[in-house]
Amino acid sequence: MSHKKSRALPPLNGLSIDSITVTQDGELRVVFDLHVEQSTTCYQQELQASRSFDVYEHPDLRRLCRDLFRAIRKKTKEPDPERVKVSCEDCATSNCCRKYNVLVTGADIDRLCTGLGLTRKELEKRHLVPAVDWCEDYEFQLACDEDDDGEKCVFLERARNGQMRCSIYEHRPQICRDFDVNVCEDFVPLDEVEVL
């Protein structure tokens, strides 16, 4: 078994590490600050440099990254004490019903027809449009209309309390059922929500 001789790598020489990224193929990239002699009092001079390492060629880095990934995987499987406070009841923007194409399956169409008391042709005419789906897995998506905040799902309506709500929640498509509030870009912890 041949052993590859590792080449000597110069030290980082950095004052502080700004960021570390590790890719799946084993590239570890470090961005760090360099020591700079200040030549003027007018501004703070800062320089950064970066170094890349192949984690798979350095057993100590490989072990450390493995341990870090295991720890991160364990932590991400635990409930986030802030994210568990997500509540659509306090959502002001309803961006999950604005920013996405709501693609519908055949089962979704059947459920919507039953829930809304419409035939398939009526549903297609009133509430469906051809899907924007590069993979061509879906024939239809829910139509959109507009309100003061822009384009929205045709079934998103203003409730009595002024908030936007899904008017077909019990019959909503599977893609809406699968939406994870943990990916909500407008997430605000409940204790920070201003209640009017």
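**Chat about a predicted model**

Colleague: Where is the place of Asp147?

Modeller: Asp147 is in strand E7, which covers residues 144-147. Keep in mind that this is a predicted model.

Colleague: What is Asp147 in contact with, leaving aside neighbours within four places in sequence?

Modeller: Four residues: Arg98, Lys152, Arg158 and Met164.

Colleague: And how many Å apart are Asp147 and Glu157 in space?

Modeller: They are 9.4 Å apart, C-alpha to C-alpha. In sequence, 10 residues separate Asp147 and Glu157.

Colleague: Let's zoom out. How many helices and strands does the protein have?

Modeller: Four helices and 10 strands. From the N terminus, the order is β-β-β-α-β-α-α-β-β-β-β-β-β-α.

Colleague: What share of the protein counts as buried?

Modeller: The figure is 22% of the 196 residues. The exposed surface comes to about 14900 Å². Carbon and sulfur atoms supply 52% of that surface.

Colleague: What about contacts between residues 24 or more positions apart?

Modeller: They make up 45% of the contacts with a separation of 6 or more.

Colleague: On to the helices. At what angle do H2 and H3 pack?

Modeller: Helix H2, residues 106-116, and helix H3, residues 120-127, pack at about 95°. Their axes are 10 Å apart. H2 and H3 are therefore roughly perpendicular to each other.

Colleague: Which residues make the contact?

Modeller: H2 contributes Ile109, Leu112, Cys113 and Leu116. H3 contributes Arg120, Leu123 and His127. By class, that contact has five nonpolar residues, one polar and one charged.

Colleague: Which residues of H2 are buried?

Modeller: Asp108, Ile109, Leu112 and Cys113. Seen down the helix axis, the buried residues of H2 fall within an arc of 135°, so they line one face of the helix.

Colleague: What follows H2?

Modeller: Gly117 does, and its phi is positive, near 65°.

Colleague: Back to Ile109. Buried or exposed?

Modeller: Ile109 of helix H2 counts as buried, at 2% relative accessibility. The cut-off for buried is under 20%.

Colleague: Which residues is Ile109 in contact with, beyond its neighbours within four places?

Modeller: Val104, Arg120, Leu123, Leu128 and Phe140. Ile109 and His171 are 62 residues apart in sequence, yet 9.5 Å apart in space, C-alpha to C-alpha.

Colleague: Now Leu103. Where is Leu103 found?

Modeller: Leu103 is in strand E4. Leu103 is buried, with a relative accessible area of 13%.

Colleague: What does Leu103 touch, not counting residues up to four places away?

Modeller: Its partners include Asp108, Ala131, Val132, Asp133 and Tyr138. Phe140, Gln141, Pro173 and Ile175 are also touched by Leu103.

Colleague: And how many Å apart are Leu103 and Val129 in space?

Modeller: The C-alpha to C-alpha figure is 9.7 Å. In sequence, Leu103 and Val129 are 26 residues apart.

How values were computed: Residues are numbered from 1 along each chain as its sequence is written. This is a predicted model: local features need pLDDT of at least 70, side-chain atom pairs count only at pLDDT 80 or more; totals for chains, interfaces and linings use all residues. Side-chain values use heavy atoms; hydrogens and water are left out. Helices (H or I, at least four residues) and strands (E, at least two) are DSSP runs, numbered from the N terminus. Buried means under 20% relative accessible area, exposed over 50%, partly exposed in between (1.4 Å probe, protein chains only). Contact means heavy atoms within 4.5 Å. Accessible areas come from the Shrake-Rupley method with a 1.4 Å probe; for residues, only the protein chains shown count as cover. Axes are lines fitted to C-alpha atoms, for helices over the stretch in contact, and angles run from 0 to 180 degrees between N-to-C directions. Angles under 35 degrees count as roughly parallel, over 145 as roughly antiparallel, 65 to 115 as roughly perpendicular and the rest as oblique. Ala, Val, Leu, Ile, Met, Phe, Trp, Tyr, Cys and Pro count as nonpolar, Asp, Glu, Lys and Arg as charged, and the others, Gly among them, as polar. The arc is that of the directions from the helix axis to the C-beta atoms.
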